[in-house]
Amino acid sequence: MNKKRIEHDALLNAPNVSIYTHYNIFMACAIALISYLGIRFLQPFHMEEPQAILLILYVILSAIYARLYFPFTRKTYTSFIFLFLCCIPNLIFDNYFLKFFNVCFILLVLSHTLLVLSHKQIHENGQYFFIDILNAFTFVPLQGIKTLCQKLVSLSKEALHLQHVGAILIGIIISVPILLVVIPLLLSADLAFQRFVLYFFSNINNLIKEIIYIIFSFPVFTYLYSLIYGNMNCERADVIKVEKNELDVRMNKTRIIPITVPMTIEVILIMVYTIFLILSTSDIIKNMSMSLESFSFSHFAREGFFQLCIISAINLLVLVCMHLISKQTHSKIQYGIKRILCVETIALLCTAMLKMVLYISAYGLTPLRVYSSWFLIILLGTFVLILYHISHTEDKTLRHIIKYFCIAFLFLNLLNVDTFIIKYNQTMPTLVEDSSYVE
């Protein structure tokens, strides 16, 4: 235990890595090439295989660069293996909607992994995960972009002597009308020069395109490089550079509402949901006793599915907000009320899931139904974890919810949604002709 603590303190006190080392220069050149090729092969609203290969190379470079400066733990290896698995769907599948969100998700996980690896997160147990992820994904790269631009400007001043740039520009402007007179004379004087000029201007469109690619790849390069270098060296914006104790004080100041207020809100919601569940259960039993000819799948399934999902999301928001702004007493009554609210929310989600299953069995799958079902499963698992961890430490609850979401997102990516929808609809010959997602 003492050995681990000594290693942790040594890492905390490790000096920042200089930006001028050979490793950083090689890393910058490699990411610049990846950024240029990514923009070069980019198509509007499409992400093809080259972008997926470049994304994998970026993750590999990040892992190698991080391993050069910090020892990997089992969690670090697990995180990078998870990142590689997340890259696979972008390489083999064609769902551009998921590919885009998968890239954002990979960058989020990568930035937080590097921040945790450098032991610069606000709290080791992840209690301030959302502040850390906001810091790692936005403020750190933006601060890194600012630092990188300042270094490039300083280097440019040293190399180009910017005090003479104005004179150079004046000379270029004066030379333009002179060249407009000289070049036509040279064209008429020599056929070889004329062929060279015609060849040059015939390829100038390609040259302009390459210049545009380079210009647009520069902000991508600065963000991707700053995301790695900044999180490894913990360059933080001033607005987010706060200590854990200061955050605890601020969070305690927000807890101004007596615990009776959230308990009253939760009791009222429980009473309303109890009445709804009793009536809804009796309605379901009544419909199940009806004959299939008189039973309307569409009416039963469409009636209230999205409303129940929204209600469940509102319940989650109520639990989170009441936890943040109310004074905690850790009483058994408080925990009991929260458990009842979670159980009833799970029952509402199960009702919504039943409606979706019946609707899919009658009309088949579409992308919207797949994503809605996935979101429903996310909500259901979240409330199950909250119910399990009530009266336990909050950081473990958040940590398990994050792990559950990551696994669910990876499963959605590896599912190959489009192919799964087509195969499912083709194996269901009794579908009502409501789904157009069959080839």
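Helices (H or I, at least four residues) and strands (E, at least two) are taken here as DSSP runs and numbered from the N terminus. On that basis the secondary structure of this protein, a predicted model, comes to 17 helices and 0 strands. Residues are numbered from 1 along each chain as its sequence is written, and side-chain values rest on heavy atoms, with hydrogens and water left out. Because the model is predicted, local features need pLDDT of at least 70 and side-chain atom pairs count only at pLDDT 80 or more, while totals for chains, interfaces and linings use all residues.

The pLDDT, the predictor's confidence in each residue on a scale from 0 to 100, has a mean of 76 over the protein, and 74% of the residues reach 70 or more. Confidence is lowest in helix H1 (residues 2–12), at a mean of 40, and highest in helix H15 (residues 367–389), at 89. Residues 237–241 have pLDDT below 50, and beyond near neighbours in sequence this stretch has 7 contacts in the model, a contact being heavy atoms within 4.5 Å. Residues 435–439 also stay under 50, and for them the model has 15 contacts beyond four places in sequence. Where pLDDT is low, the predicted coordinates should not be read in detail.

For the chain as a whole, buried residues make up 39% of the 439 residues, where buried means under 20% relative accessible area, exposed means over 50% and partly exposed lies in between (1.4 Å probe, protein chains only). Among contacts between residues at least 6 apart in sequence, 81% join residues at least 24 apart.

Two packed helices are described by the angle between their axes and the distance between the axes. The axes are lines fitted to C-alpha atoms, for helices over the stretch in contact, and the angles run from 0 to 180 degrees between N-to-C directions. For helix H4 (residues 74–92) and helix H5 (residues 96–117), the axes come within 10 Å and cross at roughly 165°. H4 and H5 are therefore roughly antiparallel to each other, given that angles under 35 degrees count as roughly parallel, over 145 as roughly antiparallel, 65 to 115 as roughly perpendicular and the rest as oblique. By class, the contact of H4 with H5 has 13 nonpolar, 5 polar and 1 charged residues, with Ala, Val, Leu, Ile, Met, Phe, Trp, Tyr, Cys and Pro counted as nonpolar, Asp, Glu, Lys and Arg as charged, and the others, Gly among them, as polar.

Asparagine 413, in helix H16 (residues 394–414), leads back to this part of the model. Not counting residues up to four places away in sequence, asparagine 413 touches Pro89, Phe93, Leu98 and Asn102, and at 3% relative accessibility it counts as buried. Further along, asparagine 416 lies in the loop between H16 and helix H17 (417–426); its phi is near 55°, a positive value in a residue other than glycine, and with a relative accessible area of 19% asparagine 416 is buried.

With helix H14 (residues 332–363), its axis comes within 9 Å and the two cross at roughly 160°, so H13 and H14 are roughly antiparallel to each other, and their crossing is left-handed. This contact includes Phe305, Cys309 and Leu319 of H13 and Leu341, Thr345 and Met356 of H14, and by class it has 11 nonpolar, 4 polar and 2 charged residues. With H15, H13 packs at an angle of about 35°, the axes being 11 Å apart, again in a left-handed crossing. Residues including Phe306, Ala313 and Leu316 in H13 meet residues including Leu376, Phe383 and Ile386 in H15, and this contact has 10 nonpolar, 4 polar and no charged residues.

Serine 226, in helix H9 (residues 204–233), is buried, with a relative accessible area of 3%. Serine 226 touches Val140, Pro141, Gly144, Ile145 and Asn231, residues up to four places away in sequence not being counted. By contrast, leucine 134, found in helix H6 (residues 129–160), is partly exposed, with a relative accessible area of 41%.

Key
A crossing is left-handed if the near helix is turned anticlockwise from the far one by less than a right angle, and right-handed if clockwise.
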